[in-house]
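Thanks for coming. I will keep this short, so please have a look at the structure before I start.

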Amino acid sequence: EEETKTISEITEKETEFNQDFNSDGIIGTAKQYTEIESLGTISLFKDQNKYSYIQEYNSNIKVAIKNHLGESLREVETNNGSLRTIIGAETITGMNKILFQESSGYFIADFDNNWQEKSGSYQKIKTSEIIKRETEFEKDLNDDGLIGNLIYALVESKGNVSLSKDSSNYAYTKASDSDIYIAIKNTNGDQLGDKTWNGWQIVGAETVNGINKTVWKFSANYFWIANHNKDWNYIKDSGINYDGKTIMAFETSFQQDFNDDGIIGTKSLPSIKIDGILDNSIKSDIATYLNDDLFTHNELKSILINAGSNGITETEFNDLKIISTALNNYLSNSTSSYLEYIYSAVVDGNNANQWWTNGTSTRTALGNLKIGSSETQMNRLVGKWFKGEDLPTNYYGGDSAAGLNGKTFSYGTLTGDLFKDGIHINDVNQGRAGTCYLLAAINCVLSDSESLISSMFRDNGDGTYGVRFYGSDSSKIWVTVNNEIPISNTNRVLLSGSANKFLNGEKWVSLLEKAYAQANEIGLFNEWRQGNKNSHNSYWAINGGLWFPLTHLTGETTEGITVKYNSNFNLNEWNGWEKTIRNKITSGNSIWIGSFGNTTSDGYYYDFCSGHAFSMTSYDDSTGLFTIYNPWGLTSKNKGGVQTFQASWRTLFDIKSYLYWT
């Protein structure tokens with residue numbers, strides 16, 4: 001007998017027959033979510049069956065909350081004979097926690113990364129802890145009309161959002177039409193304030209064009225602006241550095257004089273910014289982009305691409321040259337060196353412009369910009385210097401010290417952070433190319449100054465980065481890299497990179513190594529390279545080397561000693577140098593080591609191995625031993641060595657070492 005079913009009834013039959021009869025893309029009834037609370041970094045939801053879910057602020061995925069047996073929890077249910085309600089969820093100092101309310105009071109439980117309750121963690125909140133829990137979950141639990149018992153000191157009340165701090169200098173915002181103070185937090189839910197970063201103060205908070213922003217000040221010429229979600233939690237990777245000039249663009253929105261120049265906003269500017277420009281299109285671009293008296297990376301890139309459309313005329317060529325001569329007057333302090341260099345490389349010429357490589361096996365002639373240059377030539381020059389598209393050739397030379405042969409490769413895309421949890425020597429993990437000499441130099445510089453490594457990078461905000469080196473003559477040079485790097489057939493980082501070699505890991509080591517290959521093409525690293533390796537954009541071209549990257553990274557000249565040339569393989573003469581090296585180490589100068597011998601402390605794994613470079617970072621006066629790092633990194637044992645070990649001065653003689661420092 002036939003029976004007609006309604007749309008609502010057919011969903012029940014879908015489950016019975018495991019088919020999507022009504023073509024809604026779902027078998028059965030779709031889940032419908034209702035938001036319970038959204039304070040903090042974790043939002044709380046329930047479905048139509050009253051089961052509970054969490055959703056992280058930067059995700060659209062809802063995760064079911066489960067008890068310690070793996071059973072889904074409802075918003076309201078019976079627990080040991082008492083009715084309880086889930087009223088809050090938050091990640092506090094790295095631990096996922098759920099807040100419950102029962103008739104007898106409030107309870108809290110810990111949950112794992114999958115939001116399953118940890119057995120035995122459910123416990124009642126003591127009266128003495130109520131204030132603390134109020135602040136963590138941003139809820140008034142004791143009905144006193146306040147969240148916590150904090151006393152707020154007003155910092156600034158300009159605009160629609162006021163900024164305050166508590167007695168611990170943690171920061172809070174309050175909308176002009178509200179009495180509620182909202183704690184400013186990082187992505188982990190930890191509060192932010194003046195004590196978060198040494199020397200930094202939060203000086204402003206405002207909603208600008210619908211986006212919550214905070215301004216942090218280090219000095220009158222160094223600022224950081226961060227974006228926040230609706231609950232004033234920091235949005236990952238949204239922070240951008242500004243200097244005394246670029247911060248002016250935000251002073252009007254915040255109604256504050258951040259750079260202490262006595263003016264809120266930019267100073268009045270003359271109508272003609274650069275004299276002598278004749279091409280109307282270039283004139284229009286300049287008028288638009290210099291409205292704030294500053295060129296950005298993207299604006300200079302646009303000027304060049306627009307000028308190159310349909311080729312370069314004599315007028316356009318001359319105008320671009322005029323911009324080059326005036327450019328330094330319209331760049332911020334933090335970007336002037338980088339942008340001036342790469343713009344000049346496109347317009348005024350550079351040795352690296354001889355070739356266009358683009359990650360292939362062969363190079364194509366390119367040439368410097370000239371009158372009559374084609375649109376394709378301009379796009380490739382901009383691609384090389386502004387977009388990081390001129391990737392090194394797709395072949396590396398292997399690593400003889402690790403017994404690895406060279407081969408061709410494909411490129412993949414890095415997706416992680418440039419830096420994560422600071423910059424550490426454990427970040428350095430050499431891949432399958434013979435760049436130990438470069439990575440050992442990086443470890444030396446990193447051990448001496450983390451800030452020098454970070455200062456090498458300029459984030460363009462579009463997935464590209466400027467990277468600074470110095471030529472062997474100590475002249476400053478820059479290249480631009482994108483996120484494309486060599487990958488293995490298992491889609492892992494093939495050459496140097498973060499410890500786990502995942503594409504979503506920390507990026508800086510991989511990008512620095514690639515930038516060094518690209519910068520080799522400029523021709524200022526060629527102390528010893530011969531033939532085709534001279535001025536070649538290739539990992540193969542930078543395969544194998546000595547201590548020269550110490551200068552390329554720092555701009556400083558080097559000094560050094562060798563067992564062969566300074567002591568003629570005589571131990572007594574060698575011992576005469578030990579005090580000099582110990583003094584260098586104890587005064588904060590790490591030492592680059594080239595090893596020409598093998599040692600082992602356990603009979604199986606190498607300490608030193610021949611044809612490999614290391615870094616010496618410290619000296620223990622009580623043992624007479626030096627601490628040595630292998631750039632093979634945390635995965636060194638996969639290659640037959642150990643990451644860090646101690647060695648005596650005599651051992652450095654036995655391996656016929658080269659020692660160099662800046």
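I will go through the nonpolar cores and then the salt bridges.

Keep in mind that this is a predicted model. Let me begin with the cores. In soluble globular proteins, nonpolar side chains tend to be buried together. Here, the largest nonpolar core has 93 residues. Those with the most contacts inside it are F295, L320, I323, W385, F469, W508 and W592. Helix α9, residues 436–448, supplies the largest share of this core, 10 residues.

Leaving out residues up to four places away in sequence, I323 touches I274, I277, I282, I286, I303 and Y343.

Now the salt bridges. How many does a search of the whole structure find? The search gives 16.

Take K46 and E75, whose closest N and O atoms are 2.9 Å apart. K46 is in strand β2, and E75 is in the loop between β4 and β5, so this pair ties together parts that are 29 residues apart in sequence. K46 has 18% relative accessibility and counts as buried; E75, at 14%, also counts as buried.

E136 and R133 form another salt bridge, at 2.7 Å between the closest N and O atoms. They sit 3 residues apart in helix α2, so about one helical turn separates them. Both E136 and R133 are buried.

Next, K217 and D260 meet at 3.0 Å, N to O. K217 lies in strand β15 and D260 in the loop between α3 and α4, so the pair ties together parts 43 residues apart in sequence.

Terms used. Residues are numbered from 1 along each chain as its sequence is written. This is a predicted model: local features need pLDDT of at least 70, side-chain atom pairs count only at pLDDT 80 or more; totals for chains, interfaces and linings use all residues. Side-chain values use heavy atoms; hydrogens and water are left out. A nonpolar core is a set of buried Ala, Val, Leu, Ile, Met, Phe, Trp, Tyr and Cys residues joined through side-chain atoms within 4.5 Å. Buried means under 20% relative accessible area, exposed over 50%, partly exposed in between (1.4 Å probe, protein chains only). Helices (H or I, at least four residues) and strands (E, at least two) are DSSP runs, numbered from the N terminus. Contact means heavy atoms within 4.5 Å. A salt bridge is a side-chain nitrogen of Lys or Arg within 4 Å of a carboxyl oxygen of Asp or Glu.
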